[in-house]
Amino acid sequence: MASEVACTSIVPTSPSLRQTSRVSLPLPRRDTRLDRYVETYAERTHGLKVSAVRALFSVANRPEVVSLAGGMPNISDLPLDVIGERVAELIATQGTRAMQYGSGQGEEPIREQICEVMSLEGITGHPDDVTITTGSQQALDLVTRTFIDPGDVILAEAPSYVGALGTFQAYQAQVVHVAMDDEGIEPEALLGAIRSVRAQGRKVKFLYTIPNFNNPSGILTTLERRHEVARICREENVLVVEDNPYGLLSLDADPVPAIRSFDAENVVYLGSFSKTFAPGFRVGWALAPHAVREKLVLAQESATLCPPVFSQFVISAYLANWDWKNQITVFKDMYRARRDAMMDGLAAHMPEGTTWTHPKGGFFVWVTLPEGLDAQALLPRAVTNRVAYVPGTAFYADGLGSRNMRLSYCFPTPERILEGTRRLGEVLDAELEIHSMFGLESTPHPHDLAAGPGPDVS
Amino acid sequence: MSGEAVVVLSGGLSHERDVSLRSGRRASQALRDAGHEVHELDVSSSLLAQLIELGKPVVVPLLHGGAGEDGALRQALELADVPYVGSVSAACRVAFDKAIATPRVAAAGWATPAQIALPDDMFRELGAPTLVRALGAHLGFPMMVKPARSGSALGCAKVDRIEDLPAAMVQAYAYGGVAVIERFVSGREVAVAVIDTGDGPVALPAVEIIPDSGVYDYSARYTAGATRFIAPAGLEPDVAARCAELAIGAHTSLGLRDLSRTDLIIVTDGTPVFLEANVAPGLTETSTMPLAMEAADLELGTVLSQLVAQARERGTGA
């Protein structure tokens, strides 16, 4: 053990003095922040910082680590040979159109096919009201830029998708979270939030909701709740933005009808091929009431001129020539086995006092840790033990969520998922022991808005 | 030796993987610009085989934290007879562990903060409340709590009140089994790089670090624009000389080789106090070592190239 050492004066050795003097020439002094534009950036970028939590995710893609952190779909079951042939044929026969600029709204054939896809969840939409986007993430961006002035309020589930919170922050929106139970958003909390925001003189622009297998919580909003949420929003004149990337990945039952299926006028519906086909094409869409759609198309033209035309042609060919519904069934069987492995692993390895959701679809489980544990603080311990997850704080705009973690079961195999939960169990046991040793108080402490993993984290 | 093939080793599985990859990219570019054929490799089970296949070129290890900095990987390179730039494994083992390096530097006569090092199982065996109280009584507040073996300020916290000490200890133990608790040293924060291209260790001009947030934590280190750097630091000549002497003293007393960076605090009377020495100094876009080289009118690529030539001449690592 080190003993105290006083700050004594130093007797330099002669060689070091000699060497020092060699470089003590008069030199121009540089006073720098290493970023000459530091005074120039827009206010909306000021919160963007390098984060130690996000940096820890860089180990997640290493094979030694079981990553339960990312949201990458497993696309290894796709018929790559068939898709390859179709793409070759597409280029040979329609290449000059597929590789040309296209419509800002997106190509008409795919917009028609998208209406067919949406009908599986009870939606009757018209191709004219569909705007194609670069993944549904860009639809979220276009909707936000269309509606939000700095300081406007967006209501979102507690917890909500980290990527949406990032977009909302980029447009300087204020996010107010609305409490959920295991049936979805609590209607009273929704009404209360709308009224209290208005009482403060602020504008509520829309409710952002992921009714199917919410990212991160996995919660499925019941049909009854959907009706109630739609009714409240209609009566209170609050637009609903319904984000539905996981709806067709319902593992145990038929999909629940979308909110858009019974409220065409007050809902902007966002869809995506990222989970039902493949995310690399970056094709998603927004189905919006006519007036909103007009604005989205103009916004799309200024953002990208037109969404990726080649990707639209490929997906259109895939939908036309491949049994895509059966492909979704194949995906569901694969994800069901992984979800079940996750449930088994959690039941076997989580310490007492841990609870978790039981998702009926989608990619994610939301874990609530025993009182006093902080998921962000124990992430380094998990990384040392070769397992990764996303701390719950990433999914709240207000610093809450420290007792939670999001685990994903989409990418690792069932065996790896079981191993991951085993490692996580060890990490939690060790952390619990050290907490009880130090007699730590159980007050959860808030964090700054935490970053989630990048899209290429497994 | 221009044109010689080199391997830049970065990444690894430590908490600082991301920083290491940034250092690796920058060093690789600098070496390429200096005419080298550069292979960028990560640590994996095939690493040694890859090095043998490449004909055992000189390795530039830019792994931060964990096995990359604690000597483990360098030991393996020594075992495989692969020449590398930087300190030998035995010295890294000492330098990387603050619980060992700080007393070593203190024993050589340099000013260091009063420090206590404790493994987590000591708290288990002796009871945390008593030890926590004793720490408070011995060091006083504010104090710094740090993981003994970690970099980039990960897991470090300044603690002002005894009530906050347990949480800070738990956070430090999340990074490893031993924590050091030091009396907080207040003053100007300075980093001094040392390089030795054959004529003995030379201190580069000190770089002063002034983070906007007041704390030079992970975000302040790697967010461009979040920290002000002054190179060379605006120090009185005698203070600058003392900082250089301390950096060379730390480099020498820890038995370091080729390059190192010492972080220190200059207290009110001008005395530099040693905080830590780094055997794999960061070479990222926001690291102080490249700034120090620039202030000394040196080019990163040229310096690395000289160190590579020296390592090649030296032959195997040990």
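Guide: One definition before we start: helix axes are lines fitted to C-alpha atoms over the stretch in contact, and angles run from 0 to 180 degrees between N-to-C directions. Helices (H or I, at least four residues) and strands (E, at least two) are DSSP runs, numbered from the N terminus. This is a predicted model, where local features need pLDDT of at least 70, side-chain atom pairs count only at pLDDT 80 or more, and totals for chains, interfaces and linings use all residues. Residues are numbered from 1 along each chain as its sequence is written, while chains are lettered from A and ligands numbered from 1 in the order in which they are written.

Visitor: What is the mean pLDDT of chain B?
Guide: pLDDT is the predictor's confidence in each residue, from 0 to 100. In chain B, 98% of the residues reach 70 or more. The mean for chain B is 94.

Visitor: Are α1(B) and α13(B) roughly parallel or roughly perpendicular?
Guide: Helix α1 (residues 17-33) and helix α13 (residues 300-314), both of chain B, have axes 8 Å apart and pack at about 85°. Angles under 35 degrees count as roughly parallel, over 145 as roughly antiparallel, 65 to 115 as roughly perpendicular and the rest as oblique. So α1(B) and α13(B) are roughly perpendicular.

Visitor: Which residues of α13(B) does α1(B) meet?
Guide: Contact takes C-beta atoms, placed from the backbone, within 7 Å. From α1(B) come B:A27, B:A30, B:L31 and B:D33, and on the α13(B) side they meet B:L300, B:G301, B:L304 and B:S305.

Visitor: Which helix gives the most to the side of chain B that touches chain A?
Guide: The contact takes 47 residues from chain A and 68 from chain B. On the chain B side, the top giver, with eight residues, is helix α11 (residues 237-253).

Visitor: Which residue of β11(B) stands opposite A:T32?
Guide: Two strands pair if DSSP finds at least two bridges between them. Strand β1 (residues 30-32) of chain A pairs with strand β11 (residues 227-231) of chain B in the antiparallel sense, over three bridges. Opposite A:T32 stands B:F229.

Visitor: Is A:G271 buried or exposed?
Guide: A:G271 is found in strand β9 (residues 267-272) of chain A. A residue is buried if 20 or more other C-beta atoms lie within 10 Å of its own, exposed if 12 or fewer, and partly exposed in between. Because A:G271 has 29 other C-beta atoms within 10 Å, it is buried.

Terms used: Two residues are in contact if their C-beta atoms, placed from the backbone, lie within 7 Å.
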